[in-house]
Amino acid sequence: MKIRKKSLAVILAVLTVLLSVCAAFSVSAASIKAGTYTKVTKETYYKISVSGEGYITLSGKSSKSSSGGYSYASMDCELLNSKKEKVSYYSTDIYTYSGGNPTETKKIAVSKGTYYIHVRSVSASGGGANYIMYTFKSIKQPTNYCVAKATTLKRATKTTVYQSQQYNFDRWYKIKLTKNQKVSITYSS
């Protein structure tokens, strides 16, 4: 009986040590307000939640010091899902550098859920600074996912397609020609 109590005490002590070590390695997420630039000084995770289908606009900027002398700033960040994995195999990274590309913005289609903005690297000297901001725009996904539900596309009309994790399917459009004519389709990704 005494051996069982001692064994149980040792097991509990080991579990307590393991849990405290795991807690030390867990990453906490800082808070960030939508639509406002937040100054970034170190590697950080920002936890955000979105209420439905739409897209996140992720913006970063790096600035030099307004005073004289040499200064620079640079930053690298990415958007991750709730499991802290990249949202897409397409680039969701933002790279800013005050000496070259001081600002960058990306629109990333998302579904309802929790996401993390991960600032992977940040550096600044001489008064340079880095800032990150996000906004969320809700959208209604169309139903033109098959030929029978194709949406009419009028001449010289631009349409935007957001392929989120839950709405990643083909989109169908139909056009009406009143005579034989050349049709040009332009797209960008």
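1. Contact here means heavy atoms within 4.5 Å. Leaving aside neighbours within four places in sequence, Y97 is in contact with S62, Y72, A73, S74 and P102. Y97 lies in strand β5. Strands are DSSP runs (E, at least two residues), numbered from the N terminus. The C-alpha atoms of Y97 and K64 are separated by 9.4 Å, and these two residues are 33 apart along the chain.

2. A word on the model. It is predicted: local features need pLDDT of at least 70, side-chain atom pairs count only at pLDDT 80 or more, and totals for chains, interfaces and linings use all residues. Residues are numbered from 1 along each chain as its sequence is written, and side-chain values use heavy atoms, with hydrogens and water left out.

3. Accessibility next. Buried means under 20% relative accessible area, exposed over 50%, and partly exposed in between (1.4 Å probe, protein chains only). Y97 has a relative accessible area of 37%, so it is partly exposed.

4. Salt bridges. The cut-off is a side-chain nitrogen of Lys or Arg within 4 Å of a carboxyl oxygen of Asp or Glu. Side chains of opposite charge can pair when their charged atoms come close. A search of the whole structure finds 6 salt bridges. One of them joins R120 and D76, at 2.8 Å from N to O. This pair links distant parts of the chain: R120 is in strand β7 (residues 113–125) and D76 in strand β4 (residues 72–80), 44 residues apart.

5. R120 also bridges to D93, with the closest N and O atoms 3.0 Å apart. D93 sits in the loop between β4 and β5 (94–97), 27 residues from R120. D93 is buried at 8% relative accessibility, as is D76 at 13%. R120 is partly exposed at 28%.

6. E78 and K86 meet in another salt bridge, at 3.3 Å from N to O. Which of these two counts as buried? E78 does, at 7% relative accessibility. K86 is partly exposed at 38%.

7. The nonpolar core. This is a set of buried Ala, Val, Leu, Ile, Met, Phe, Trp, Tyr and Cys residues joined through side-chain atoms within 4.5 Å. In soluble globular proteins, nonpolar side chains tend to be buried together. The largest core has 19 residues, and those with the most contacts inside it are I48, L58, L79, I117 and I132. Two or more residues come from each of β2 (44–50), β3 (54–63), β4, β6 (103–110), β7 and β8 (129–138). Beyond its neighbours within four places in sequence, I48 has contacts that include I32, I56, L79, I117 and Y134.

8. Aromatic pairs. Rings of Phe, Tyr and Trp (its six-membered ring) pair if their centres lie within 6.5 Å; planes under 30 degrees apart count as stacked, over 60 as edge-to-face and the rest as tilted. The structure holds 3 such pairs. Y45 and Y116 are edge-to-face, at 6.3 Å centre to centre and 90° between the planes. Y45 is in strand β2 and Y116 in strand β7, so the pair ties together parts 71 residues apart in sequence. Y45 is buried at 15%, and Y116 at 11%.

9. Charges over rings. The test is NZ of Lys or CZ of Arg within 6 Å of the ring centre and within 35 degrees of the ring normal. K84 lies over the face of Y45, at 4.6 Å from the ring centre. The charged end of K61 sits over the ring of Y131, 5.5 Å from its centre.

Terms used
Helix = DSSP H or I, 4+ residues; strand = E, 2+ residues; numbered from the N terminus.
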